[in-house]
Amino acid sequence: MAAVKIAGLEKRIGENTILSGIDLDINDGEYVVVVGPSGCGKSTLLRTVAGLEDASAGSVSLGGRDITHLPPAERGVAMVFQSYALYPNMTVRQNLGFALKMAKRSAADISAAVDKAAGILDIEHLLDRKPAALSGGQRQRVAIGRAIVRQPDLFLFDEPLSNLDTELRVKMRHEFLRLHKALKTTTLYVTHDQTEAMTLADRIVVLRDGKIEQVGNPDDLYRRPANRFVAGFIGSPQMNFLAGTVEAVGADRLSLRLQQGGEMIFFGAPDPSVRTGDSLLLGVRPDDLVPAKGETGISAVVDFVERMGGHSLVHLDLAGDGGQLLWQVQGDTAPTAGATVRFDPSQSQGLHFFNANGTALTSRA
């Protein structure tokens, strides 16, 4: 068993707290992806689990074994860095097999493991080259292969696909999924790419300022964000937010006066904590925006249109100083720049409400 338990983990550098009270359980064989803005502590978390950084407090266990203070080589983990970290004087074959050679594995075992990893990563034709003769993407694949051949209890990946071109990233995501299905190795993976997170993860961990904001499967985070930060961070294009004040609360409806428009009625049982006069934030994703019928709703002017082929992203300026909206339109039916459109958020599906503290309310219209 290779379950991971991170309890009360902290990392401080001087007076700066990089990680604060990280509690995370990863099941044996689970694929967990960590996302968050730059500087939130994603890579530090991986490096602390790997033993490349010392924990200031808390503990890390792997398979029931406390590895908090063990040196990296004794932890049973393999880490792939964003940088390639290859041995420049060795061929690809030698780089892939180096850790096994140090473990005094037989030449036959090393050759078989190297050939298998090279096949998975489509680098068989590169085995006799040195890193200087490889492209950036090829070097990163070698680094991934070097982790694969070790057959660790835990894979740690720190943005391993960031240096690859778009087509190769897509291919490598599929390779990662196939690899995980075949090996079933517990994996902790850091990325800034939401597509990677949503595609690869059994569960996603959202970090901000060294703290966990929410943990859940991709669908949970997308459809049931715990707060405004997660709602705005997960999903591309980003969720729209509209500020409003509660005019009235009923058993099955909520009357909300939006800052950018008039009073609107949202049907459905409101959160029991909502009171008349409360400030709320309404969240609606660009593909859930519904054009208004008639002259009701929110008025906006088309600023510009991004045509993406199968759909278009329409950037809108709200009336007055109301900010901007993003509207996703299927096909080629997007309005032209300068056109005026109106929206009725009360008719949209998948609405999200957040209180003044940014916390998601438990019930949504």
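**Helix α5.** I began with α5, residues 166-183, in this predicted model. The helix has 18 residues, and I read 25 Å from its first C-alpha to its last, close to the 26 Å expected at 1.5 Å a residue.

I then looked up which residues of α5 are buried. They are Leu168, Met172, Arg173, Glu175, Phe176, Leu179 and His180. For the spacing I noted that an α-helix has 3.6 residues a turn, so residues three or four places apart point the same way.

**The four-stranded sheet.** Next I traced an open sheet with antiparallel pairing, whose strand order is β2-β1-β4-β5. Its edge strands, β2 (16-26) and β5 (65-66), each pair on one side only. Between β1 (residues 4-13) and β4 (residues 57-62), which run antiparallel, I found five bridges. I looked up Lys5 as well: its bridge partner in β4 is Ser61.

**Asn227.** Last, I went to the loop between α7 (218-223) and α8 (228-233), where Asn227 lies. Is Asn227 buried or exposed? I noted a relative accessible area of 12%, under the 20% cut-off, so Asn227 counts as buried.

A polar atom of the Asn227 side chain lies 2.9 Å from the backbone nitrogen of Val230. Leaving aside neighbours within four places in sequence, I listed the contacts of Asn227 as Glu213, Phe354, Gly358, Thr359 and Ala360.

How values were computed: Residues are numbered from 1 along each chain as its sequence is written. This is a predicted model: local features need pLDDT of at least 70, side-chain atom pairs count only at pLDDT 80 or more; totals for chains, interfaces and linings use all residues. Side-chain values use heavy atoms; hydrogens and water are left out. Helices (H or I, at least four residues) and strands (E, at least two) are DSSP runs, numbered from the N terminus. Buried means under 20% relative accessible area, exposed over 50%, partly exposed in between (1.4 Å probe, protein chains only). A polar contact is a pair of N or O atoms within 3.5 Å; within protein, one must be able to donate a hydrogen and the other to accept it, and residues adjacent in sequence count only if both atoms are side-chain atoms. Contact means heavy atoms within 4.5 Å. Two strands pair if DSSP finds at least two bridges between them. The expected span of a helix is 1.5 Å times one less than its number of residues.
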